[in-house]
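Subject: Structure for your review

Dear colleague,

Please find below the structure that I am handing over to you.

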Amino acid sequence: MRRREFSTLLCGAATASTVWPLPLGAQQKATPVIGWLGISTPGPSAPSLAAFRHGLNEIGYVEGQNVAIEYRWAEGRYNRLPALAADLVDRRVDVLVASSGDPAAYAAKNATSTIPIVFTSGDAVGYGFVASLARPGGNLTGLSFLNPELNPKRFELLSELVPQAKVIALLVNANSSSPEHMFRAVQEAARPKGVQLDILKAGTESEIDAAFASLVQRQAGALVVSSDPFFYGRREQLVALAAHHTVPTIYEWRQFVVEGGLTSYGASITAVNRQVGIYAGKILKGAKPGELPVLQPTTFELVINLKTAKALGLTIPASILSRADEVIE
C-alpha cells in the first residue's frame, strides 16, 4: 500500500475540531514481519542472528524499530520444522528466512509457494530448491554452500594432519537426507590414501555420545563432522567429546575451533548470514526473490587451534600452517 499525503482544511468559524477517518487506501502499512525458522535454539544460533541483523541494518531495517522478527525454534528436532513453518505462514509474515540449512529450507518451501523465502543450502539446485543459481524463479532465493564438494577437501586436510590414521570416520546426521554422492565423494578421496572410511550416524545428543564411544572400537584415528545445522547447534558437545576421546576432528565452521575444536574448513557463517539479512531487506523493499541470484561463497576459511593440537599431541605441518587463514593460540 502506498502512503499518501493529506492536507487538513481548517475552518476558522469552527468551534470544535472534527477528526475524520482516513480512507482505507491512506492507512499506513503495518511494520513488516520476518519469520525466522531455526533448527537449533537461540543460544547456539546467536552468531548467525547477529550477522543476519547486521545485514538487515545495512538495508535500513532495525529490529524493533521498522521491522519485526517472529522466531520459531525446532530445538534440533527436524520433525517439528513443517509445523513451525506452517505457523509462520499462517501469521502471514512478509519474508520467511530458513537460514539453518536444507531441512529448514525444505519445510519452508513445502509450506508456501507465495511468501518470499530466503534460505541457505548445501546444494540448492541438487536439492531442487531452485531451477538454477543465476535465475532461481519462484519464491525462493538465498545462498548455496557447495557442501558436498567441501567434505572431500576436509577429509584431505585431516589426513594431512593425521597421516598415521588408517581409519577415519565421517559423522552424518541420521535424520537428514544426505545425498549418496556426498559419501561417494569422500570415499573416493580416501581410496588413494589407503584409508578406510567409516560412516557414523547420529540424530540426537545420546546418539552423538554413542558415535564417539564407537570410535575406539573402530580404531578410528580421526573424525570428519559433516556439514549439518544439527551438529552446529551441538558444537559444544562435539568439541568436548573430541577432547575427551582425544580424536582429531575437522568441522565446517570457524565457531567450532573458537570453542576448542582442532580445525575447520568452510565459508564464513558470519558472511553468509549477513547476506541472508541483506536479501531479506531487499525483498522487503520490493525485490522479487526469483530475480535475486542464489549466491555462493567465494572464499573459504581454514582455521586451526594450536592449543588443541598440542593437547592431542599433534604437530601441525608447516604446509598447512602456511595455508591457514587463522591460527588460534
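Which residues of the largest nonpolar core touch the most other members? In this predicted model, they are Ile-34, Phe-52, Leu-171, Leu-223 and Leu-238, out of the 73 residues in that core. Helix H10 (residues 269-284) supplies the largest share of this core, with eight residues. There is also a second, separate core of 28 residues, which includes Ile-250, Tyr-265, Leu-302 and Ile-304. In soluble globular proteins, nonpolar side chains tend to be buried together.

Leu-223 deserves a separate word. Beyond its neighbours within four places in sequence, Leu-223 is in contact with Leu-158, Ile-168, Ala-169, Leu-170, Leu-171, Leu-200, Phe-212, Leu-215, Val-247, Pro-248, Thr-249 and Ile-250. Among these partners are Leu-171, itself named above as one of the core residues that touch the most other members, and Ile-250, which belongs to the second core.

As to the overall architecture, the chain has twelve helices and twelve strands. Of its 329 residues, 51% count as buried. Among contacts between residues at least 6 apart in sequence, 68% join residues at least 24 apart.

An open sheet of seven strands runs in the order E7-E6-E8-E9-E10-E11-E12, and its pairing is mixed. Strand E7 (196-202) and strand E12 (326-328) are the edge strands, each pairing on one side only. On average, neighbouring strands of this sheet are turned by 20 degrees against each other, direction ignored. E6 and E7 run parallel and are joined by seven bridges; Leu-170 has Ile-199 in E7 as its bridge partner.

Two helices lie across strands of this sheet. Helix H6 (residues 205-218) lies across E6, E7 and strand E8 (222-225), at about 155 degrees to E7. Helix H8 (residues 235-244) lies across E6, E8 and strand E9 (249-251), at about 160 degrees to E9.

Elsewhere in the chain, E1 and strand E2 (residues 68-73) pair in the parallel sense over six bridges, with Trp-36 standing opposite Tyr-71 in E2. The path from E1 through H1 to E2 forms a right-handed β-α-β crossover.

Ser-40 sits in the loop between strand E1 (33-38) and helix H1 (46-59). Its relative accessibility is 6%, so Ser-40 counts as buried. Setting aside residues up to four places away in sequence, Ser-40 touches Ser-45, Trp-73, Ala-74, Glu-75, Gly-76, Gly-233 and Arg-234.

Asn-173 is found in strand E6 (residues 167-173). Is Asn-173 buried or exposed? Asn-173 counts as buried because its relative accessibility is 3%. The side chain of Asn-173 makes a polar contact with the side chain of Tyr-78 at 3.0 Å, and it also reaches the backbone nitrogen of Asn-175 at 2.9 Å. Not counting residues up to four places away in sequence, Asn-173 touches Tyr-78, Ala-202, Gly-203, Ser-226, Asp-228, Phe-230 and Phe-231. Asn-173 and Pro-229 lie 56 residues apart along the chain, with their C-alpha atoms separated by 9.2 Å.

With kind regards

Key
Residues numbered from 1 in each chain as written. Predicted model: local features only at pLDDT ≥ 70, side-chain atom pairs only at ≥ 80, totals over all residues. Heavy atoms only, no water. Helix = DSSP H or I, 4+ residues; strand = E, 2+ residues; numbered from the N terminus. Buried < 20%, exposed > 50% of the residue type's maximum accessible area, 1.4 Å probe, protein only. Contact = heavy atoms within 4.5 Å. Polar contact = N/O pair within 3.5 Å; in protein donor to acceptor, adjacent residues only side chain to side chain. Core = buried A, V, L, I, M, F, W, Y, C linked by side-chain atoms within 4.5 Å. Pairing = 2+ DSSP bridges. Right-handed = clockwise from strand over helix to strand, strands pointing away. Axes fitted to C-alpha atoms, helices over the stretch in contact; angles between N-to-C directions.
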